[in-house]
Amino acid sequence: MAERRYTKTHEWVLLDGKTATIGITDFAQAQLGDVVFLDLPSPGRKLAKGESFGVVESVKAASDLYAPIAGTIAAVNEKLGSNPELVNSDPYGEGWLLKVELAGDLPGDLMDEAQYKEAAGASGH
Amino acid sequence: MPYLVHTEHDREEMLAALGVESMEDLLIDIPTSLRVDRLNLPDGLSELETMAEMHGLADRNRVFPDRLTFRGGGVYRRFIPTAVAAVTGKPEFYTAYTPYQPEASQGTLQAIFEFQTLIAELTAMDVANASLYDGATAVAEASMMARVQTGRDEILVAGYVHPEYVEVLRTFSEGRGMKVRRGDEPNPRTAAVVFQQPDFLGLLVDARGLTERAHAAGALAIACVDPISLAIIAPPGEYGADIAVGEGQQLGLSPSFGGPHVGFIACSKDLVRRLPGRLIGSSHDSLGRRGFVLTLTAREQHIRREKATSNICTNHSLCALAASVYMTYMGEAGLRDVADVSFRRAHSLAERLGKLPGWQPLFPERQFLNEFPMIVPKSRQVMRRLSRKGILGGLEVGRWFRELKDVVTFTCTEVNDPAAIDQLVEALSA
C-alpha cells in the first residue's frame, strides 16, 4: 500500500490499487475545531482534480473541500452523517470522506508527509 | 449643507485610483438612448399642498368594499382582527428594518421563532424559516434548493401554478442555468416538480400522486399551498412533499395593492442546510435560561458567499409577525371556521352561478375549496357591468392562459356575507 499524500488545501489521499481514500488532515481538523456537519456528494459523481466537492462545517467556519485527484466517487462515508466528529477524532481513519476510483495517474503536485508538514507550518494558520 | 458623505477631494482621489476622468466615465456602458439628461421635476410643495395632491391621486382609485369583492387569484380579502395591528404597531417591533444581526433582541428573535413554529405546524413540515418576500419568491427559492440538492437543472411546473410565480421562477432561473418546463412527467434531469394546492384556478390537484411521481423520478416535490386551506385539507408534510411554500397574505395582511406580503418556506429536516434566509433556534444560556439565537448561519451568503444556495439574507419580519399574531389569535378552531365558512359560501355561489344562462363550471368533475373557475359568456362585458354596480367580479384568467378564454375564477371568503352573494347573483341576473 502506498503512503498518504497531501494537498496544499489540507486534504489527504491514500491510494490502494486504483481506489483512493480521501479525507482532511489532522492539521485541518485541528484548525477547524469541532466539526458539526459535512456536505458530501453522492457516489457515482465524477470529480475533476481541484474541483470543490463539498463543505465541512465546524463551530468556527464553513470550508470548501477540494478534490486532490480526478476520478469517480465509489463511496461516501455514511457514518459522518450522524457522527461528523469522527473527522476530529480520527481524521486518517474512521473520519475518511470519500473513496474515489482514480482516473489516470496520481497527480505530481501531491506532497509527502514531510513536505506537507513544512507547508502547513509555513502557512501559519 | 448637502448631505453627501464624500467631499469633492474624496471623489477625485477615487476616480484617480480607478484611472478615469469623471463620474460620467463610469457610466459609459449604459447606452445613451437609455439615459436621462435632466429630471424634469416640479418645485417642492408644502406639506398641506402635498397632502391635497396625494388625496387627489388616492381619490382616483376605485375602491370596492371587501364584501362585494369576489376576486382572488393569489390575494384575498379576509377579516383581520384588530389584535394584529395592536401587536405589529408596538414600537419594539415597528421598524422598516429586518433585524438580522446576531445581537437582535430576544423579543424579536422569539417572534420569528414563533412564526417558524406556526408555519411548521400548519404545513406539517420539520422546519420553517423566518419568512421570505412572497409566494412567488418562495417558489423560486425552493426550486434553487432542489437544484443544489439533486444536482439536476430542470424544474417541472405541473398544472395551473400561479402564472406570476412561474414568471418569477423563470427570472430566478435565468443565469443560474436552471430550466423551467411545463408538464407533469418528470425525467432524470428533473430537480423538482412544483405544483399548487389548490391550483391557480382554485381546483384541488392530486398532491399525493404528484409527490410520488416526483420521488419515483428522483426529484423533489415542492408544494405551493394556501395556508388557510391547510386547516381543512391534508398539509404537505402528510403526503410527503419535500418543501412547502406559499403566500401568507391571507394570514392577517391586507391586499395593499399586492404587497408587502409574506412568503413562507418549510422543508424536511434533511434539507435544512439548503434552506435560504434566517433561521432562529431555541437554546439555553450558561445559566440554563431559555433563549433564542440565529441558527445554522453557515448556510448563508455572508459565510458561503457565491456557494450559498440563495442570496436572501432578509425577510418580511413585520408581515411575518402579523401572520403569527393572526394564527395565534384565530387558533386551530378559528382557522378551521374561516376555511369552512369560505368553502360553504363559495360552493353555494358556484351552484347559483351555474344556473345563469350560458354559465357553466370549467372542469365540473374537479373539487374546489373557496375559489372556482366558471365559463362566462362575454366575460369582459359581464365584469364591466358588475364594476359599474360597485361589485368587483371574478378574475379573467384568459390573460395568462390562451386556452382559458372567457374563464373567470370567483372567490368567496368569510367577508362575503350571504347578502353580498345575493347582490352579486341579482346583478348578474338583471
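How many residues of chain A are in contact with how many residues of chain B? Four residues of chain A are in contact with four of chain B (contact: C-beta atoms, placed from the backbone, within 7 Å). This is a predicted model, in which local features need pLDDT of at least 70, side-chain atom pairs count only at pLDDT 80 or more, and totals for chains, interfaces and linings use all residues. Residues are numbered from 1 along each chain as its sequence is written, while chains are lettered from A and ligands numbered from 1 in the order in which they are written.

**Confidence**
- The model scores ipTM 0.73 and pTM 0.87.
- Chain B averages a pLDDT of 94, and 98% of its residues score at least 70 (pLDDT: the predictor's confidence in each residue, from 0 to 100).

**Interface**
- On the side of chain A that touches chain B, two residues are nonpolar, two are charged and none is polar.
- Nonpolar here covers Ala, Val, Leu, Ile, Met, Phe, Trp, Tyr, Cys and Pro; charged covers Asp, Glu, Lys and Arg; the others, Gly among them, count as polar.

**Strands of chain A**
- Strand S3 (residues 19–24) runs antiparallel to strand S9 (residues 98–102), joined by four bridges (strands: DSSP E runs of at least two residues, numbered from the N terminus; pairing: at least two DSSP bridges).
- In that pair, A:Thr19 stands opposite A:Glu101.
- Strand S8 (residues 71–76) is also antiparallel to S9(A), with five bridges.
- There, A:Gly71 has A:Leu102 as its bridge partner.

**A:Phe53**
- A:Phe53 sits in strand S6 (residues 52–58) of chain A.
- A:Phe53 counts as buried because it has 21 C-beta neighbours inside 10 Å (buried: 20 or more other C-beta atoms within 10 Å; exposed: 12 or fewer; partly exposed: in between).
- Not counting residues up to four places away in sequence, A:Phe53 touches A:Pro41, A:Leu47, A:Leu65 and A:Ala67.

**Nonpolar cores**
- The largest nonpolar core has 109 residues; B:Ala192, B:Val193, B:Val194, B:Ile222, B:Ile243 and B:Ile265 touch the most other members (core: buried Ala, Val, Leu, Ile, Met, Phe, Trp, Tyr and Cys joined through C-beta atoms within 7 Å).
- Helix H10 (residues 317–353) of chain B gives the largest share of this core, 17 residues (helices: DSSP H or I runs of at least four residues).
- This core lies between domain 1 (66–78 + 332–429) and domain 2 (82–323) of chain B, because both give residues to it (bounds: an automatic or database domain assignment).
- A second, separate core of 25 residues includes A:Tyr6, A:Trp12, A:Ile22 and A:Leu86.

How values were computed:
Contact = placed C-beta atoms within 7 Å.
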